[in-house]
Amino acid sequence: MPHGSQSASSSSSAHAHHASSGVGPICIRRIYDDAQPDDGARVLVDRLWPRGISKDRAALTLWLKDVAPSTALRHWFGHDPARWDEFQKRYRAELDANPDAVQQLLAFARRGKLTLLYGARDTEHNEAVVLLQRLNALLAA
């Protein structure tokens, strides 16, 4: 069974992004992707429940709405890549003003693997990407 411990195909992690610097215990994944045995704590970081996903399929450890971008910021951004740089700045400011939610995620990361889940189709321009960068910076500090 040793060969079963490695992924035979890279397609199963096509939407997962891992920490880019060092070996981090945090990754991000679309909630529409199947849960993986090595996901560790699975935390949904969207303010709204993802359409068409049952609680069972989500297999969440926690739904942390408080760490999601504000409704006003989410509406302003509208997943428009042209607004990405400004969205990141504004969302980081919201995270700075919400240390309790960030600390909850850091606590999971310090205990083991953490998977941040999001519903957006765009895998490069969403709050989980910003959150991953922020958490890894805090863990490295």
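Which residue in S5 is the bridge partner of Ile26? That partner is Leu114. Before I go on, please keep in mind that this is a predicted model.

Strand S2, residues 26–30, runs parallel to S5, and five bridges join the two. S5 also pairs with strand S3, residues 41–44, again in the parallel sense, this time over four bridges. On that side, Leu116 of S5 has Val43 standing opposite. To sum up the pairing, S5 has parallel contacts with S2 and with S3.

Now to the burial of S5. The strand covers residues 114–118, and five of the five are buried, so S5 is largely enclosed by the rest of the structure. As background, side chains in a regular strand alternate between the two faces of the sheet. In S5, one side carries Leu114, Leu116 and Tyr118, and the other carries Thr115 and Leu117. Every one of these is buried, which leaves both faces covered.

Next, the charged side chains. How many salt bridges does a search of the whole structure find? The search finds five, and I will discuss some of them.

Start with Asp39. Its side chain meets that of Arg29 in a salt bridge, at 2.7 Å from N to O. Arg29 is in strand S2, while Asp39 is in the loop between S2 and S3, and the two are 10 residues apart. Asp39 has a salt bridge to Arg42 as well, where the closest N and O atoms are 2.5 Å apart. Taken together, Arg29, Asp39 and Arg42 form a network of salt bridges. Are these residues buried or exposed? Asp39 and Arg29 are both buried, and Arg42 is buried too.

The last pair is Arg134 and Asp96. They form a salt bridge, with the closest N and O atoms 2.5 Å apart. Arg134 sits in helix H5, residues 127–140, and Asp96 in helix H3, residues 84–96, so this pair ties together parts that are 38 residues apart in sequence. Asp96 is at 52%, and because exposed means over 50%, it counts as exposed.

Conventions
Residues are numbered from 1 along each chain as its sequence is written. This is a predicted model: local features need pLDDT of at least 70, side-chain atom pairs count only at pLDDT 80 or more; totals for chains, interfaces and linings use all residues. Side-chain values use heavy atoms; hydrogens and water are left out. Buried means under 20% relative accessible area, exposed over 50%, partly exposed in between (1.4 Å probe, protein chains only). Two strands pair if DSSP finds at least two bridges between them. A salt bridge is a side-chain nitrogen of Lys or Arg within 4 Å of a carboxyl oxygen of Asp or Glu.
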